[in-house]
Amino acid sequence: MRLRSLLFVPGDRPERFAKAAASGADAIILDLEDSVSPANKEAAREAVAAYLAGTREVFTLVRVNPLDGHMTAADVAAIVGGRPDAIMLPKAEGAPSIAQLDTILRSEGAADASLPPVLPIATETPAAIFTLGSYREAKARLVGLTWGAEDLPAAIGAATSREADGRYTEPYQVARALTLFAAHGAGVAAIDTVFPAIKDEAGLAAYAARARRDGFTGMMAIHPSQVAPINAAFTPSAGEVQRAQAIVDAFAANPGSGVLQVDGKMVDAPHLKQARHILSLAD
């Protein structure tokens, strides 16, 4: 399963669910948290539960409310019967948060064998930064790891997480990098955060390209128009595939060699590993 693009949809807007599912996104995230006002939480739970009960054509996550807000149990009670493909957990603080969510899932009737995997948002509190390494302990329960650049600055009283040109300030560059390494350390998908400027197509393309360059495997989206550029950024080009295949073929033809020359450039074991990864993405 590939998770290049994950599209958010407010849980209280059921008329948008089908459009989101048909957007080309690899996954949709039905949101019960930030995009839903407190007055609409129950209506959102009912709408999401109704959607889960039907036929689904795309991998479907549900973002529940944070564990510290006393709404998670109500969210889980509403959706667990529909068996979402995964649960997105905001304001997660490492492996202990996964264990706490599992306790809630079990209390609402989910059997251990059918616990949905979890996609934690892993950097939304100051304490969360210091728990990123613990996700390796819970890797069997994870579908990936992602981060956020909005709640954390609010939590520490920062004016912003971005420079005037849109790039992250240093503290949030650190949070992003640590999430990337934590995801790969756990052996799960590394999902970059959203690009909030919906109409800035060039900015989105550049951001997504940097994300893939840095080692992220996918990215979240907040509007259907962002899906295609994100998918394109996380899909290897024909040229990349051709060079990767040339490297794999060269080593296959020379099984005793540790270093080879391909197209006039020296390649060794790390290049072979990267080439195989590119071919797996192309598949």
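Me: A pocket is an open set of grid points with protein on both sides within 12 Å along at least five of seven lines. With that in mind for this predicted model, what volume does the second largest pocket have?
Reply: The second largest pocket comes to about 310 Å³. Of its 18 lining residues, Phe8, Asp34, Arg63, Val194 and Ile222 are the closest to its centre. Strand E1, residues 5–10, gives the most to this lining, with 3 residues.

Me: How do you know which class Phe8, Asp34 and Arg63 in that lining belong to?
Reply: Phe counts as nonpolar, while Asp and Arg count as charged, so Phe8 is nonpolar and Asp34 and Arg63 are charged. Over the lining of the second largest pocket, the classes come to 9 nonpolar, 3 polar and 6 charged residues.

Me: And the largest pocket: what is its volume, and which helix supplies the largest share of its lining?
Reply: Its volume is about 510 Å³. Among the 19 residues lining the largest pocket, the closest to its centre are Arg212, Gln274, His277, Ile278 and Leu281. Helices H8 (201–214), H10 and H11 each supply at least two residues of this lining, and H11 has the largest share with 7. By class, the lining of the largest pocket divides into 7 nonpolar, 6 polar and 6 charged residues.

Me: H10 and H11 pack against each other as well. Why are they called oblique?
Reply: H10 (residues 238–253) and H11 (residues 269–282) pack at about 130 degrees, with axes 8 Å apart. Roughly perpendicular ends at 115 degrees and roughly antiparallel needs over 145. The angle of about 130 degrees falls between those cut-offs, so H10 and H11 are oblique to each other. H10 passes H11 in a left-handed crossing.

Me: What makes up the contact of H10 with H11, by class?
Reply: The classes are 10 nonpolar, 2 polar and 2 charged residues. Among those in contact are Glu240 and Val241 of H10 and Arg276 and Leu279 of H11. Glu and Arg count as charged, so Glu240 and Arg276 fall in that class.

Me: What makes H3 oblique to H4?
Reply: H3 (residues 72–79) and H4 (residues 95–107) pack at about 50 degrees, with axes 9 Å apart. Roughly parallel means under 35 degrees and roughly perpendicular starts at 65, so an angle of about 50 degrees leaves H3 oblique to H4. The crossing of H3 and H4 is right-handed.

Methods
Residues numbered from 1 in each chain as written. Predicted model: local features only at pLDDT ≥ 70, side-chain atom pairs only at ≥ 80, totals over all residues. Heavy atoms only, no water. Axes fitted to C-alpha atoms, helices over the stretch in contact; angles between N-to-C directions. Helix = DSSP H or I, 4+ residues; strand = E, 2+ residues; numbered from the N terminus. Left-handed = near helix turned anticlockwise from the far one by under 90°. Contact = heavy atoms within 4.5 Å. 1 Å grid on protein atoms, 1.4 Å probe; cavity = no way out; pocket = protein on both sides within 12 Å on 5 of 7 lines; lining within 4 Å. Points joined across faces, edges and corners; volume = space filled by probe spheres on them.
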